[in-house]
Amino acid sequence: MPLEQDIFAVSLQYASLFLVVLLLTAIVLGFFFMLFQWFKHRNKESTALDFVTLLIRVPKDNETKIEAAEQMFSGLYSLKKSGFFAFAKAEDLFSLEIIALEEDIAFYLSCPRRIRDLAEKQIHGSYPNADIKEVDEVNIFNKNGKVAFTSLTLEKASYFSIKLFKDLPIDGLNSITSALSKMGAGEGAIIQLLLQPEGKKWQNQGKSYVSAQKKRESDPNKASYSHDPKEMEIIGQKTDKPGFRVSLRIVVSGRDEHSAESHLNNIKGAFSQYSSPYNSFKGPFIFFKHLFMIDFLYRYMPLFNKDTFILNTEEL
């Protein structure tokens with residue numbers, strides 16, 4: 001018995017030592033990871049403060065096909081950092097915003113001043129008749145009003161596609177602007193689509209998923225014959241095109257709490273039209289509401305990319 005107790009005590013000591021080393025390793029790695037993130041994004045506040053707001057107006061009789069938007073986003077994807085040390089550089093981001101006030105809905109692009117020329121060229125390249133001018137940032141908030149907000153993310157992995165504009169029975173933008181048009185006196189709403197070019201990791205994950213599904217179905221011992229060939233095709237089509245990481249936020253200022261929540265629900269509901277058999281939008285629970293508003297106002301990507309997702313140039 002004494003020998004067995006000694007062996008148990010020694011084993012317990014080794015196990016405790018292993019756990020301590022494991023914990024210290026995790027702490028050290030976590031410290032260096034946070035240090036790296038700080039270094040990578042050390043200029044994000046100064047960059048955010050140097051954003052310019054561009055009002056974009058397109059003539060009502062504009063006959064540019066909706067496919068032109070894909071061309072524009074493909075051009076904006078050139079912002080993607082490249083080179084051996086690209087992983088250590090913060091990606092340039094920009095924000096597409098639809099802002100509604102009483103009897104007024106307008107489209108804006110906000111971006112760092114240094115990429116303004118590129119952004120304008122890409123917009124004019126796709127929409128030659130667009131009128132673009134720099135304006136002051138729009139304030140939707142009323143000191144006597146109430147604010148409601150949410151973000152939207154995808155139900156499933158980003159390589160599963162939402163419904164594309166060409167598959168919608170009507171222009172998807174009409175449903176969104178219809179919800180925004182209900183703003184009353186002293187009320188306002190913003191749909192903020194914050195975008196940054198994304199690398200190929202998500203595409204590789206999608207291709208790996210398709211490959212694993214096909215490999216499983218080819219094995220008679222593992223095949224379930226339940227996979228959807230159309231799903232595999234849709235994933236392939238999505239991952240063949242470059243993508244942007246997206247943070248989609250909706251903020252509403254209403255005359256009272258009920259009004260703000262009602263407007264917010266109407267706008268959220270307009271995004272249900274993009275639900276496909278393979279993916280759809282959902283509203284995640286926001287734990288840190290103060291941080292959400294800071295990220296919204298400064299146009300920051302959420303910490304650790306929480307509740308963000310990826311859309312390719314065709315989905316946008």
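The numbered points below concern helix packing and aromatic pairs.

1. This is a predicted model, in which local features need pLDDT of at least 70, side-chain atom pairs count only at pLDDT 80 or more, and totals for chains, interfaces and linings use all residues. Residues are numbered from 1 along each chain as its sequence is written, and side-chain values use heavy atoms, with hydrogens and water left out.

2. Helix H4 (residues 116-126) has Ala119, Glu120, Ile123 and Ser126 buried (under 20% relative accessible area, with exposed over 50% and partly exposed in between, for a 1.4 Å probe and protein chains only). Seen down the axis of H4, these buried residues fall within an arc of 135°, so they line one face of the helix. The face turned away from that buried side carries the exposed residues Asp117 and Lys121.

3. The buried residues of H4 pack against strand S1 (51-57), helix H3 (68-76), strand S3 (104-112) and strand S4 (131-135), where contact means heavy atoms within 4.5 Å.

4. Aromatic rings of Phe, Tyr and Trp (its six-membered ring) pair if their centres lie within 6.5 Å; planes under 30 degrees apart count as stacked, over 60 as edge-to-face and the rest as tilted. The count by this rule is 15 aromatic pairs. The ring centres of Phe160 and Tyr209 are 5.4 Å apart with planes at 75°, so this pair is edge-to-face. Phe160 lies in the loop between strand S5 (146-154) and H5, and Tyr209 in helix H6 (residues 201-217), 49 residues apart.

5. Phe160 counts as buried at 6% relative accessibility, whereas Tyr209, at 23%, counts as partly exposed.

Terms used. Helices (H or I, at least four residues) and strands (E, at least two) are DSSP runs, numbered from the N terminus. The arc is that of the directions from the helix axis to the C-beta atoms.
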